[in-house]
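Have the structure up beside you as you read.

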Amino acid sequence: GEGEGEGEGEGEGEGEGEGECAELPGFDLGNVIYGVGHTLRLAVPCPVSPTSSFEWTKDGQPLVDDGRVAGTLERGLTIEGLTEADSGEYTCTYDDGSKTPTVFSATVLVSAELPATGWLGFVAMALGLSGAALVRQRRRLRT
């Protein structure tokens, strides 16, 4: 089931830490939909270098810890009290252990009404403007 924790031990192992990466419990590792007022928890998935630095941005703008936003320089980003304005492309630049900067990105949608259509349906809904434009074009072509 969910929540199989092996205690709270944050043991920093010696050595290179090959395969030592553990996923952060309770954090999402990819595209996700949240309801307004919920808390975003987004984490970079393994592999991650134990010595890595992390830098989170939203829509290309660096995020700053401000009380509501936390973990902008850590592996797990947290944003409390989400609003629809928090929707966007979240990106984290980090080192996965290969010494080259790696970029993780996830699209986050915050909705006042979580639809029952699932992720793809919601994306289609969010991008509904382009769909309406296509329909309009199609009508125009019919003479």
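1. Let's begin at a turn. The hairpin of E5 and E6 has five residues between its strands, and Gly71 there takes a positive phi near 85°. Keep in mind throughout that this is a predicted model.

2. What holds that hairpin's strands side by side? E5 and E6 run antiparallel and are joined by two bridges. Val69 stands opposite Ile79 in E6.

3. Now step back to the sheet around the hairpin. It is an open sheet of three strands in the order E2-E6-E5, with antiparallel pairing. Its edge strands are E2 and E5 (69-70), each of which pairs on one side only. Between E2 and E6 there are four bridges, again in the antiparallel sense.

4. Is E6 covered on one face or both? Both faces are covered. Gly76 and Thr78 sit on one side, Leu77 and Ile79 on the other, and all of these are buried. As background, side chains in a regular strand alternate between the two faces of the sheet.

5. There is another open sheet to look at, this one of five strands with mixed pairing, in the order E1-E8-E7-E3-E4. E1 (32-35) and E4 (61-62) are its edge strands, and each pairs on one side only. Inside the sheet, E3 (residues 55-58) and E7 (residues 88-95) pair in the antiparallel sense over four bridges. Lys58 stands opposite Tyr90 in E7.

6. Tyr90 turns up again in the largest nonpolar core. Of the 20 residues in that core, Leu40, Trp56 and Tyr90 touch the most other members. E1, E2 (40-43), E6 (76-79), E7 and E8 (101-111) each supply at least two residues, and E8 gives the largest share, with four. In general, nonpolar side chains in soluble globular proteins tend to be buried together.

7. Which residues does Leu40 contact, leaving aside neighbours within four places in sequence? They are Tyr34, Leu77, Thr78, Ile79, Leu82, Tyr90 and Val108.

8. Next, Glu55, which lies in strand E3. Glu55 counts as partly exposed because its relative accessibility is 47%. Not counting residues up to four places away in sequence, Glu55 touches Thr72, Leu73, Thr91, Cys92 and Thr93. Of these, Cys92 is buried, with a relative accessible area of 0%. Glu55 and Leu77 are 22 residues apart in sequence, yet their C-alpha atoms are 9.8 Å apart in space.

9. Finally, the cysteines. How many disulfides are there? The count comes to one: Cys21 and Cys46 form it, with their sulfur atoms 2.1 Å apart. Cys21 lies in the segment before E1 and Cys46 in the loop between E2 and E3, so the pair ties together parts that are 25 residues apart in sequence. The torsion about the S-S bond is about -85°, so this disulfide is left-handed. Both cysteines count as partly exposed, Cys21 with a relative accessible area of 27% and Cys46 at 26%.

Conventions
Residues are numbered from 1 along each chain as its sequence is written. This is a predicted model: local features need pLDDT of at least 70, side-chain atom pairs count only at pLDDT 80 or more; totals for chains, interfaces and linings use all residues. Side-chain values use heavy atoms; hydrogens and water are left out. Two strands pair if DSSP finds at least two bridges between them. A nonpolar core is a set of buried Ala, Val, Leu, Ile, Met, Phe, Trp, Tyr and Cys residues joined through side-chain atoms within 4.5 Å. Buried means under 20% relative accessible area, exposed over 50%, partly exposed in between (1.4 Å probe, protein chains only). Contact means heavy atoms within 4.5 Å. A disulfide is a pair of cysteine sulfur atoms within 2.5 Å.
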